Amino acid sequence: MSDDIIKRLREAIAAGPTPGPWHHKEWGSEIVDDGVGSSQVLIAKVAVNTYLDQGRHNAAYIAAASPDNIAALLDRLDAAERENERLREFERSAALTLPGVYYMDPPDGGDVSLLKQLQRMSNDAARYRLLRRKFAIISDGEGNAEFCPINLPRPTYIAPTAAIELDTALDRERLGLDGAERPPTPAGWSDTDWIKHLQEQEKPHPLAGQHINQGSLDAAADAYEAEYSEALKQDAARYRWLRGDSCPEHSPRWTQWEVRCWKSPRWSDDLRRAELDAAIDAARREK
């Protein structure tokens with residue numbers, strides 16, 4: 001429907017026609033309003049046409065197009081346009097979440113929908129979340145520690161928040177951050193406790209102290225959606241770094257990191273790219 005037709009319909013309603021609903025007389029060609037008896041208003045008469053009974057059908061059509069029905073259709077059209085704009089804004093925002101063309105099909109990108117790309121990124125984030133539960137921080141009691149799979153066949157000390165430190169270590173490697181990015185761990189603190197302390201010092205949540213009403217519920221939903229989107233984006237980025245697709249030859253991924261899987265009776269080699277995907281997806285299916 002063109003903008004001109006919509007404009008003409010709005011102007012016609014605003015001019016003040018007889019309010020609806022309208023009716024047509026069952027076996028005639030008259031259109032009347034909703035009044036009864038002498039208060040009933042004749043809206044129009046339609047020329048009688050016996051061919052296929054068109055006169056009666058035309059009257060029924062005109063009665064259905066009463067001002068109240070047209071106004072309701074225009075309201076629904078406005079609502080649909082607002083929803084379309086909201087979806088277009090969501091699509092633009094979601095597209096900004098993607099890391100360029102990474103989740104398109106090589107070599108030319110292919111015809112991969114935005115939804116399919118987001119699903120692929122979500123799968124990478126899910127793989128990373130499973131992987132981070134498989135790691136512990138292992139100490140030899142002499143100040144040396146390393147990230148290791150959690151099911152090692154020897155006694156180990158498992159840090160209570162190893163996953164937080166794994167996130168931090170991965171982010172430091174993939175983003176090229178130096179030691180000055182995080183304040184050094186004070187004497188008497190463990191790295192885990194210090195990282196947790198720094199996280200607790202971050203600015204308060206934007207919903208803190210709000211009264212619970214519809215506005216705050218809407219804000220909570222928006223904040224949750226934003227936080228979830230950002231968390232998914234970061235977890236997927238960590239996994240892509242571990243996978244190794246974007247790592248150059250001299251990357252610490254190849255010289256300082258290994259991801260192995262226990263396949264009785266031995267550990268696998270360092271898992272990379274498609275092999276890492278397959279191993280993690282198999283573990284996810286076994287959960």
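At what angle do α1 and α3 pack, and how far apart are their axes? In this predicted model, the two helices pack at an angle of about 135 degrees, with their axes 10 Å apart. On the α1 side the contact involves Ile 6, Leu 9, Arg 10 and Ile 13, which meet Pro 67, Ile 70, Ala 71, Leu 74, Leu 77 and Asp 78 of α3. By class, this contact has eight nonpolar residues, two charged ones and no polar ones.

**Helix pairs**

| Helix pair | Angle between axes | Axis separation |
|---|---|---|
| α1 and α3 | about 135 degrees | 10 Å |
| α3 and α4 | about 40 degrees | 10 Å |
| α4 and α9 | roughly 75 degrees | within 10 Å |

Helix α3 covers residues 67-97, and helix α4 covers residues 114-132. With an angle of about 40 degrees, α3 and α4 are oblique to each other, and their crossing is left-handed. Here Glu 91, Ala 94, Ala 95 and Thr 97 of α3 meet Leu 114, Leu 118 and Met 121 of α4. The residues of this contact divide into five nonpolar, one polar and one charged.

Angles from 65 to 115 degrees count as roughly perpendicular, and α4 and α9 are therefore roughly perpendicular to each other. From α4, the contact draws on Asn 123, Ala 126, Arg 127, Leu 130 and Leu 131, and from α9 on Asp 277, Ile 280, Asp 281, Ala 283 and Arg 284. Five of these residues are nonpolar, one is polar and four are charged.

**Two residues of α9**

Asp 277 is found in helix α9. Is Asp 277 buried or exposed? Its relative accessible area is 11%, so Asp 277 is buried. Leaving aside neighbours within four places in sequence, Asp 277 is in contact with Arg 127, Tyr 239 and Arg 243. The side chain of Asp 277 makes a polar contact of 2.4 Å with the side chain of Tyr 239, and another of 2.7 Å with the side chain of Arg 243.

Arg 273 is also placed in α9, which spans residues 273-286. Most residues other than glycine have a negative phi. Arg 273, although not a glycine, has a positive phi of about 50 degrees. Its relative accessibility is 35%, so Arg 273 counts as partly exposed.

**From α1 to β1**

The loop between α1 (3-14) and β1 (23-24) contains Pro 21. Most peptide bonds are trans. The bond from Gly 20 to Pro 21 is cis, with omega near 5 degrees.

His 24 is found in strand β1. At 22% relative accessibility, His 24 counts as partly exposed. Which residues are in contact with His 24, leaving aside its neighbours within four places in sequence? They are Glu 30, Ile 31, Arg 56, Ala 59, Ala 60 and Ala 63. His 24 and Val 46 are 22 residues apart along the chain, and their C-alpha atoms are separated by 9.9 Å.

Methods: Residues are numbered from 1 along each chain as its sequence is written. This is a predicted model: local features need pLDDT of at least 70, side-chain atom pairs count only at pLDDT 80 or more; totals for chains, interfaces and linings use all residues. Side-chain values use heavy atoms; hydrogens and water are left out. Axes are lines fitted to C-alpha atoms, for helices over the stretch in contact, and angles run from 0 to 180 degrees between N-to-C directions. Helices (H or I, at least four residues) and strands (E, at least two) are DSSP runs, numbered from the N terminus. Angles under 35 degrees count as roughly parallel, over 145 as roughly antiparallel, 65 to 115 as roughly perpendicular and the rest as oblique. A crossing is left-handed if the near helix is turned anticlockwise from the far one by less than a right angle, and right-handed if clockwise. Contact means heavy atoms within 4.5 Å. Ala, Val, Leu, Ile, Met, Phe, Trp, Tyr, Cys and Pro count as nonpolar, Asp, Glu, Lys and Arg as charged, and the others, Gly among them, as polar. Buried means under 20% relative accessible area, exposed over 50%, partly exposed in between (1.4 Å probe, protein chains only). A polar contact is a pair of N or O atoms within 3.5 Å; within protein, one must be able to donate a hydrogen and the other to accept it, and residues adjacent in sequence count only if both atoms are side-chain atoms.
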